[in-house]
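Colleague: I would like to learn how to read a few features of a structure at the level of single residues. Could you take me through them one at a time, with the general idea before the case?

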Amino acid sequence: MHFYCFFITHKQKLGYCSKKGAARAGSSLRQFLTDNDLPPVWHMGECVDNTRASTVFGGIAGAAGIAIKDMPYAFASPEWSNEKGLDASLAFRLFGIDSYHCVEPPVQGSAHVEDFLKKGTAATLGAVMKVNTDPKALAAQIIADIETQRKKLGWK
């Protein structure tokens with residue numbers, strides 16, 4: 001079974017945060033969501049509420065006996081509402097979770113700072129910021145990266 005759970009930092013968009021959103025999921029995920037009365041996307045609060053999502057991520061990883069950085073997780077923040085979103089993306093990268101964004105981060109001005117915040121964290125944190133202004137391409141990248149992590153774990 002493929003189970004994708006995306007945690008988002010913005011309000012309920014497109015209905016995926018409601019249980020009715022399960023109708024848009026693939027068959028195995030839809031069955032899981034329906035059986036457990038869950039929506040496909042869980043809203044964990046705004047950008048400063050990252051402790052909720054990190055607690056869930058840590059709990060699931062702990063139950064699986066796998067380090068958070070090795071789990072098939074992704075942090076998606078499709079839009080920047082303010083500079084706190086940058087902090088949220090860094091918070092998840094501290095756990096080794098890549099962050100994905102549809103808008104360039106508000107860090108222009110220094111090529112060195114921008115490069116470090118996007119790619120330079122790979123060496124220090126084990127995770128990077130991925131930006132793609134095409135939301136469908138970004139979603140495909142998230143899924144591909146999750147699939148890569150699942151394969152590393154031997155999960156189908």
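Colleague: Where does Lys-19 lie, and which residues does Lys-19 touch?

Modeller: Lys-19 lies in the loop between β1 (6-8) and α1 (27-36), where helices (H or I, at least four residues) and strands (E, at least two) are DSSP runs numbered from the N terminus. This is a predicted model, in which local features need pLDDT of at least 70 and side-chain atom pairs count only at pLDDT 80 or more, whereas totals for chains, interfaces and linings use all residues. Residues are numbered from 1 along each chain as its sequence is written, and side-chain values use heavy atoms, with hydrogens and water left out. Contact means heavy atoms within 4.5 Å, and, not counting residues up to four places away in sequence, Lys-19 touches Asp-37, Leu-38 and Pro-39.

Colleague: How should I read a charged pair, and with which residue does Lys-19 form a salt bridge?

Modeller: Side chains of opposite charge can pair when their charged atoms come close. A salt bridge is a side-chain nitrogen of Lys or Arg within 4 Å of a carboxyl oxygen of Asp or Glu, and Lys-19 forms one with Asp-37, the closest N and O atoms being 3.1 Å apart. Lys-19 is in the loop between β1 and α1 and Asp-37 in the loop between α1 and β2, so the pair ties together parts that are 18 residues apart in sequence. The structure holds 7 salt bridges.

Colleague: Which residues are linked with Asp-145 in a network of salt bridges?

Modeller: The network links Asp-98, Lys-130 and Asp-145. Within it, the side chains of Asp-145 and Lys-130 meet in a salt bridge of 2.5 Å, N to O, and this pair links distant parts of the chain, with Asp-145 in helix α5 and Lys-130 in strand β5 (residues 129-131), 15 residues apart. Asp-145 is buried, with a relative accessible area of 17%, while Lys-130 counts as partly exposed at 22%.

Colleague: What is the nearest side chain of opposite charge to the buried Arg-93, and what polar contacts does the side chain of Arg-93 make?

Modeller: Lys and Arg count as positive and Asp and Glu as negative, while His and the chain ends are not counted. Arg-93, in helix α3 (residues 84-94), is buried yet has no salt bridge, and the nearest side chain of opposite charge, Asp-98, is 6.8 Å away. A polar contact is a pair of N or O atoms within 3.5 Å; within protein, one must be able to donate a hydrogen and the other to accept it, and residues adjacent in sequence count only if both atoms are side-chain atoms. The side chain of Arg-93 makes such contacts with the side chains of Ser-89 (3.1 Å) and Ser-99 (3.3 Å).

Colleague: How far apart are the end C-alpha atoms of helix α5?

Modeller: The expected span of a helix is 1.5 Å times one less than its number of residues. The 18 residues of α5 (residues 135-152) should therefore span 26 Å, and the end C-alpha atoms are 26 Å apart, which agrees. At the start of α5, a side-chain oxygen of Asp-134 reaches to within 3.0 Å of the backbone nitrogen of Lys-136, and just after α5 Gly-154 takes a positive phi of about 80°.

How values were computed:
Buried means under 20% relative accessible area, exposed over 50%, partly exposed in between (1.4 Å probe, protein chains only).
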